[in-house]
Amino acid sequence: MKRDLSYLSTCPIAVLGGGAVGKTTAADCKLAGREVRLYSKSEKSIARLEKTGILLDGIQRNLYGFERSGRAFLDIVSTDMEQVVKGAKLIIIGIPALSHEYYLRTLVPLLEDGMVIHTFTDNYASLLLRKLMREMGCTKDVIIGGWSSAPYGTRIEKVCGFWTNHVGIKYRAISLRGACLPMSDIDDFMESVKYLPCMDSVTLGDGPQRGDTMLDIGFSNVNPVIHVPASLLGVSSMENWSLVYGNAPDSYSMYSHGLCPSICRVQYQFYQEECNIAKAIGIASPYYSYESFFSRRSILTQEYMGVDENGKDNVVFPLDKPCDEGNTGPNSIDHRYITEDIPVGCKIYHDFGVKFGIPTPIIDSMIILGGAMHEKSFFESTKYSLDYLGIGHMTKDELLDYMYNGCYTETES
């Protein structure tokens, strides 16, 4: 039965995370006229915000020209999560995946009936939140879902190592793929999007896409397939950018300076392994043509510039020219393009491949190479596994029943 979600139009919006995505979504929602509260566990990341506000601007490239800019003064800025989420029925989580557990474990005792949680980028956070709710005995009636990406590419302005309270949006998504756990809540989850101003460029663009379970949303995350091969196989370009050629490390762009046709071919084969795993599980996943990988912004371009009536990218950034998207990094092997996208994204793909008998030689080679560069094994050092997400013991039928209907099968004794 469809719920009446009209209360979401006036409720406070709580944003958890003081990084680029968190600050941008908070400012975006506030500039749209909503009551917005921001939480971060790091006092440093939200320092001075009550005095300076958050300045949001940037080129904000997208097919339909949607733009929102200004200086936003939030209603609450705090390191006390309870103060931020109390009575806030819309919860936005915008933090790196490796911080999910701390934030989610802190959130569970604070959940209230009627809350709707949106995670950008989900990265299996919805599975982890449901697992923590079971472990912590939380039975609140909440809708939990997430998205394949954030609503924008955004960066915090950095001046000589100092992080300012200025965020610059490079592009705004016109379509994102989302789902919820369980999928029986999908109508309500999608309905809640229209009450989220940070999704306005999507709502007023090509609209949100319904994914096929939260596993699909994990597979729809373009970060591992784009970031990992381009960062690892282009590592000499990145390290020599400053070491040999004397450029500022933060001026390096994987897209402009790292991508090349050979790496694009590896990315496509990485993507094919993802598709094979999704097919074995029995879920849908996004389709990208071979040609779409051979663009300097890769398949990411589709998020903000869309495709034509034949399914081809509206805009292709040619590989024989640099793109003008600015400083995207990575600036070292310690960047999240490697330290998050391998031990989370690649590792979960590997685990699914093992579970369902699907070879993943390209993905595995990325895990091995990244580990070698860090002189450790990302197979062994990461906590991310199917068991960590609470699904390692399930058969295919049990897994799909959980994803679609919320019927959780306990581990056999």
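Which residues of strand 7 (residues 116-119) point one way, and which the other way? V116 and H118 share one direction, I117 and T119 take the other, and all are buried. The model is predicted: local features need pLDDT of at least 70, side-chain atom pairs count only at pLDDT 80 or more, and totals for chains, interfaces and linings use all residues. Residues are numbered from 1 along each chain as its sequence is written, and side-chain values use heavy atoms, with hydrogens and water left out.

**View 1. Side chains of strand 7.** In a regular strand the side chains alternate between the two faces of the sheet. Buried means under 20% relative accessible area, exposed over 50%, and partly exposed in between (1.4 Å probe, protein chains only). Strands (E, at least two residues) and helices (H or I, at least four) are DSSP runs numbered from the N terminus.

**View 2. Strand 7 beside strand 6 (residues 90-93).** The two strands pair (at least two DSSP bridges between them) in the parallel sense over 4 bridges. I92 has H118 as its bridge partner in strand 7. From strand 6 the chain passes through helix 4 (residues 100-107) to strand 7 in a right-handed β-α-β crossover, that is, clockwise from the first strand over the helix to the second with the strands pointing away from the viewer.

**View 3. Strand 7 beside strand 8 (residues 143-147).** These strands also pair in the parallel sense, over 4 bridges, and T119 stands opposite G146 of strand 8. With helix 5 (residues 125-135), they make a right-handed β-α-β unit.

**View 4. Cysteine C264.** The structure holds 0 disulfides (pairs of cysteine sulfur atoms within 2.5 Å). The closest cysteine sulfur to that of C264 belongs to C260, at 6.7 Å, too far for a bond. C264 counts as buried, at 0% relative accessibility.
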